[in-house]
Amino acid sequence: MKKGSGRGGKMESMGKKEKRQGIDLASSVVKTLLVSYGITAGFLLLFSVLLYKFRISEEMVTGGIVGIYILSNFAGGFLLGKRMKTRKFLWGILSGFLYFLLMVLISFCVYHEKSGSLWNMAVTMILCTGSGMLGGMLS
């Protein structure tokens with residue numbers, strides 16, 4: 001009997017196909033997160049130049065950072081939604097949530113404690129997941 005013929009061969013190729021789809025899925029999610037963080041880095045760099053050149057109030061700084069989070073997660077949700085083609089809003093939520101989780105993890109590693117209040121973290125999570133969802137829905 002040739003390899004790949006019969007039932008066993010078909011099941012084996014389905015397992016490989018599913019494994020490859022899982023790798024493609026993980027790759028898409030990681031690439032989207034990298035793009036989101038790249039957008040964040042670019043806008044934060046631009047924002048820091050604006051802060052250096054002009055005197056900006058604390059409220060405007062906070063608003064600018066929130067706007068950057070929203071824009072970055074919207075773009076991430078949009079890109080992941082385009083790649084996945086089905087259930088786009090869920091992929092957008094996943095993109096925003098993973099962005100938030102990675103941001104919290106990096107913050108914890110840098111400061112060795114949770115930064116900000118629980119309320120601020122909850123609002124940030126809602127903003128990240130909500131803007132990611134909106135990006136996915138509009139993709």
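Helices here are DSSP runs of H or I with at least four residues, and strands are runs of E with at least two, both numbered from the N terminus. The model is a predicted one, where local features need pLDDT of at least 70, side-chain atom pairs count only at pLDDT 80 or more, and totals for chains, interfaces and linings use all residues. Residues are numbered from 1 along each chain as its sequence is written, and side-chain values use heavy atoms, with hydrogens and water left out.

First, the chain as a whole. Of its 139 residues, 24% count as buried, where buried means under 20% relative accessible area, exposed over 50%, and partly exposed in between (1.4 Å probe, protein chains only). If we take contacts as heavy atoms within 4.5 Å and keep those with a separation of 6 or more, 75% come from residues 24 or more positions apart.

The expected span of a helix is 1.5 Å times one less than its number of residues, so the 24 residues of α3 (residues 88–111) should span 34 Å, and the 35 Å between its end C-alpha atoms agrees with that. Its buried residues are Trp91, Gly92, Ser95, Gly96, Tyr99, Phe100, Met103 and Ser107. Just after α3, His112 takes a positive phi of about 60°.

Now to the rings. A pair of aromatic rings is described by the distance of the centres and the angle of the planes. Rings of Phe, Tyr and Trp (its six-membered ring) pair if their centres lie within 6.5 Å; planes under 30 degrees apart count as stacked, over 60 as edge-to-face and the rest as tilted. The structure holds three such pairs. In one of them, Tyr37 and Tyr99 are stacked, at 4.3 Å centre to centre and 15° between the planes. Because Tyr37 lies in helix α1 (residues 6–53) and Tyr99 in helix α3, this pair ties together parts that are 62 residues apart in sequence. Tyr99 is buried at a relative accessible area of 1%, whereas Tyr37, at 22%, counts as partly exposed.

Phe74 and Phe78 are also stacked, because their ring centres are 6.3 Å apart and their planes lie at 25°. These two residues sit four apart in helix α2 (residues 58–84), so about one helical turn separates them. Phe74 is partly exposed, with a relative accessible area of 28%, and Phe78 is partly exposed at 28%. Finally, ring pairs link Tyr37, Tyr69 and Tyr99 into a cluster.
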